[in-house]
Amino acid sequence: MLNELWYEHSKMAFPKVLGGKEINGVCVTTLDAKVAGCIDSYVKSGNGQLTITHYQLLEASKGNLESILKYLDAESLEYFRRLHKICSLVTAEASVT
């Protein structure tokens, strides 16, 4: 399920209207890049392991994602909801090293 969700998400374009924007004090471009980098590393490694640094970043990012969702329109909401779901799946299933 995780790999499929990540593949689908990877094909989605970042919402252009949000490029460089801050929502509720969170730079969504930076948030997206950091989360995507951690998730991509995790998925590509295929070993089910996540470094403590990546785990902590993803845990913090889940809160940031939750804090912006209520401010987003339909297209952006779908994009960031999916990112939040994937982030949650990774932190729940990963073995932290």
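**The aromatic rings and their surroundings**

The structure holds three aromatic pairs. Rings of Phe, Tyr and Trp (its six-membered ring) pair if their centres lie within 6.5 Å; planes under 30 degrees apart count as stacked, over 60 as edge-to-face and the rest as tilted. One of these pairs joins Phe-14 and Phe-80 in an edge-to-face arrangement, with 6.0 Å from centre to centre and 85° between the planes. This pair links distant parts of the chain, 66 residues apart: Phe-14 belongs to the loop between helix H1 (2-11) and strand S1 (22-23), while Phe-80 belongs to helix H4 (residues 74-93). Helices (H or I, at least four residues) and strands (E, at least two) are DSSP runs, numbered from the N terminus.

This is a predicted model, in which local features need pLDDT of at least 70 and side-chain atom pairs count only at pLDDT 80 or more, while totals for chains, interfaces and linings use all residues. Residues are numbered from 1 along each chain as its sequence is written, and side-chain values use heavy atoms, with hydrogens and water left out.

Accessibility is described in three classes: buried means under 20% relative accessible area, exposed over 50%, and partly exposed in between (1.4 Å probe, protein chains only). Phe-14 has a relative accessible area of 22% and is therefore partly exposed. Phe-80, at 0% relative accessibility, counts as buried. The rings of Tyr-79 and Phe-80 have centres 5.0 Å apart and planes at 70°, so this pair is also edge-to-face. Tyr-79 and Phe-80 are both buried.

Val-17 has a relative accessibility of 57% and so counts as exposed. Its C-alpha atom is separated by 24 Å from that of Asp-40, 23 residues apart along the chain. Val-17 is also among the partners of Ser-76: leaving aside neighbours within four places in sequence, Ser-76 is in contact with Pro-15, Val-17 and Leu-18. Contact here means heavy atoms within 4.5 Å. Ser-76 lies in H4, and at 2% relative accessibility it counts as buried.

Phe-14 is also in contact with Thr-29, a residue of helix H2 (residues 28-45). With neighbours within four places in sequence left aside, the contacts of Thr-29 are Phe-14, Leu-18, Gly-19, Gly-20 and Lys-21. The side chain of Thr-29 reaches the backbone nitrogen of Gly-20 at 2.7 Å. Thr-29 has a relative accessibility of 32% and so counts as partly exposed. A separation of 12 Å lies between the C-alpha atoms of Thr-29 and Ala-13, which are 16 residues apart along the chain.

Asn-24 is found in the loop between S1 and strand S2 (26-27). Although Asn-24 is not a glycine, it has a positive phi of about 55°. Its relative accessibility of 47% makes it partly exposed.

Axes are lines fitted to C-alpha atoms, for helices over the stretch in contact, and angles run from 0 to 180 degrees between N-to-C directions. The axes of H2 and H4 come within 11 Å and cross at roughly 40°. That makes H2 oblique to H4, given that angles under 35 degrees count as roughly parallel, over 145 as roughly antiparallel, 65 to 115 as roughly perpendicular and the rest as oblique. From H2, the contact is made by Val-28, Asp-32, Val-35, Ile-39 and Tyr-42; its partners in H4 are Tyr-79, Phe-80, Leu-83, Ile-86, Cys-87, Val-90 and Glu-93.

Phe-80 also meets helix H3 (residues 52-69). The axes of H3 and H4 come within 9 Å and cross at roughly 150°, which makes H3 roughly antiparallel to H4. Among the residues making this contact are Tyr-55, Leu-58 and Leu-65 of H3, and Leu-77, Phe-80 and Leu-83 of H4.

Note on methods
Polar contact = N/O pair within 3.5 Å; in protein donor to acceptor, adjacent residues only side chain to side chain.
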